[in-house]
Amino acid sequence: MRRLLVGMSQEKLGELLGITFQQVQKYEKGSNRVSASRLYQISRVLGVPVQYFYDELKGDDDPSGFAESEGADAIAGALQSPDGVQIARIFSETTDPEKRKLILNAVKLLADYKGP
């Protein structure tokens, strides 16, 4: 998701890491494990701390292992899709509060939003 948010292709990420884009695909699909040193390299290239990739994990005091609820998982899944990333990018690049309200209202209307 971070790669998409910064607008980087798999090819470019692979080039910056010194690996093929096919290897990047395997990492993203979970086919191949990512070593700690490679994860560190990826975090540096994408401009985030390594902890960024672990934000979903709960602390030691929670035996379940994950912090997000099922509803949060659905939201995260939607935001990780190409369309979700594009919507998030457009919204984050919009600095005018009135335009942000318009975007939110348009999305609610299109989704037939039933909330408050």
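A polar contact is a pair of N or O atoms within 3.5 Å; within protein, one must be able to donate a hydrogen and the other to accept it, and residues adjacent in sequence count only if both atoms are side-chain atoms. Keep that in mind as we look at this predicted model, where local features need pLDDT of at least 70, side-chain atom pairs count only at pLDDT 80 or more, and totals for chains, interfaces and linings use all residues. Residues are numbered from 1 along each chain as its sequence is written, and side-chain values use heavy atoms, leaving out hydrogens and water.

Let's start at Q10, which sits in helix α2 (helices, H or I with at least four residues, are DSSP runs numbered from the N terminus). With a relative accessibility of 16%, Q10 counts as buried (under 20% relative accessible area, 1.4 Å probe, protein chains only). Its side chain makes a polar contact of 3.3 Å with the side chain of Q25, and another of 2.8 Å links the side chains of Q10 and E28.

Q25 and E28 belong to α3, where they join F21 and V24 in meeting Q10, E11, L13 and G14 of α2 (contact means heavy atoms within 4.5 Å). Helix α2 spans residues 10-17 and helix α3 residues 21-29; they pack at about 105 degrees, their axes 8 Å apart. Axes are lines fitted to C-alpha atoms, for helices over the stretch in contact, and angles run from 0 to 180 degrees between N-to-C directions. The two helices are therefore roughly perpendicular (65 to 115 degrees).

Now turn to helix α4, residues 36-46, which packs with α2 at an angle of about 120 degrees, with axes 10 Å apart. Here L13, L16 and L17 of α2 touch R38, Q41, I42, V45 and L46 of α4.

How values were computed: Angles under 35 degrees count as roughly parallel, over 145 as roughly antiparallel, 65 to 115 as roughly perpendicular and the rest as oblique. Buried means under 20% relative accessible area, exposed over 50%, partly exposed in between (1.4 Å probe, protein chains only).
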